[in-house]
Amino acid sequence: NIGKIDAIFPLESISEAIDLFENLELSMESIKLYNRFCGASTVFYAVRMLEFFQFSQRMSTMTSTLQMARWDILFYLIVLMCLFSGFTMFANICFGPISGEYATFGDSMRILFE
């Protein structure tokens with residue numbers, strides 16, 4: 001089996017293997033950044049589409065209602081994020097030492113979303 005692996009991945013030294021893994025890590029970080037950018041741009045495009053709903057009377061009513069309620073929606077999202085971050089901190093502090101899934105704040109947030 002080792003001969004087959006060497007034929008597929010001919011590495012001359014350990015430093016080449018380390019460079020290969022560093023390049024993979026950099027590629028993964030680039031892919032994560034790209035995914036975050038795509039997610040954010042999708043949200044912005046969805047909000048931008050509300051502008052085109054003003055041509056229809058019913059859709060115009062919906063957009064004007066959302067516009068009037070924007071501060072209430074913003075306040076709701078702020079309270080929601082405060083509560084969610086509290087639950088995330090609780091999970092991180094209580095379950096972090098026991099379980100590796102809650103070891104960091106980001107991991108705790110991801111697990112709580114699942």
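I take a residue as buried when its relative accessible area is under 20%. The model I am examining is predicted.

**Entry 1. The chain as a whole.** I looked up the secondary structure and found five helices and zero strands. Read from the N terminus, the order of elements is α-α-α-α-α. I then checked burial over the chain of 114 residues, of which 10% are buried. I also took the contacts between residues at least 6 apart in sequence; 13% of these join residues at least 24 apart.

**Entry 2. Helix 4.** I turned to helix 4, which covers residues 70-95 and has 26 residues. From the first C-alpha to the last, helix 4 reaches 36 Å, which I note is close to the expected 38 Å at 1.5 Å a residue. Which residues of helix 4 are buried? I recorded Phe-84, Thr-88, Ala-91 and Asn-92. I next asked what covers them, and the cover includes helix 5, residues 105-113.

**Entry 3. Geometry of the pair.** Two packed helices are described by the angle between their axes and the distance between the axes. I looked up both values for helix 4 and helix 5: the axes come within 9 Å and cross at roughly 115°. I noted the crossing of helix 4 and helix 5 as right-handed.

**Entry 4. Residues in the contact.** I listed the residues on each side. Helix 4 contributes Phe-84, Ser-85, Phe-87, Thr-88, Met-89, Ala-91 and Asn-92. On the side of helix 5, I found Phe-105, Ser-108, Met-109, Leu-112 and Phe-113. How many of the residues in this contact are nonpolar, polar and charged? I recorded eight nonpolar, four polar and no charged residues.

Notes. Residues numbered from 1 in each chain as written. Predicted model: local features only at pLDDT ≥ 70, side-chain atom pairs only at ≥ 80, totals over all residues. Heavy atoms only, no water. Helix = DSSP H or I, 4+ residues; strand = E, 2+ residues; numbered from the N terminus. Expected span 1.5 Å × (residues − 1). Buried < 20%, exposed > 50% of the residue type's maximum accessible area, 1.4 Å probe, protein only. Contact = heavy atoms within 4.5 Å. Axes fitted to C-alpha atoms, helices over the stretch in contact; angles between N-to-C directions. Left-handed = near helix turned anticlockwise from the far one by under 90°. Nonpolar A, V, L, I, M, F, W, Y, C, P; charged D, E, K, R; others polar.
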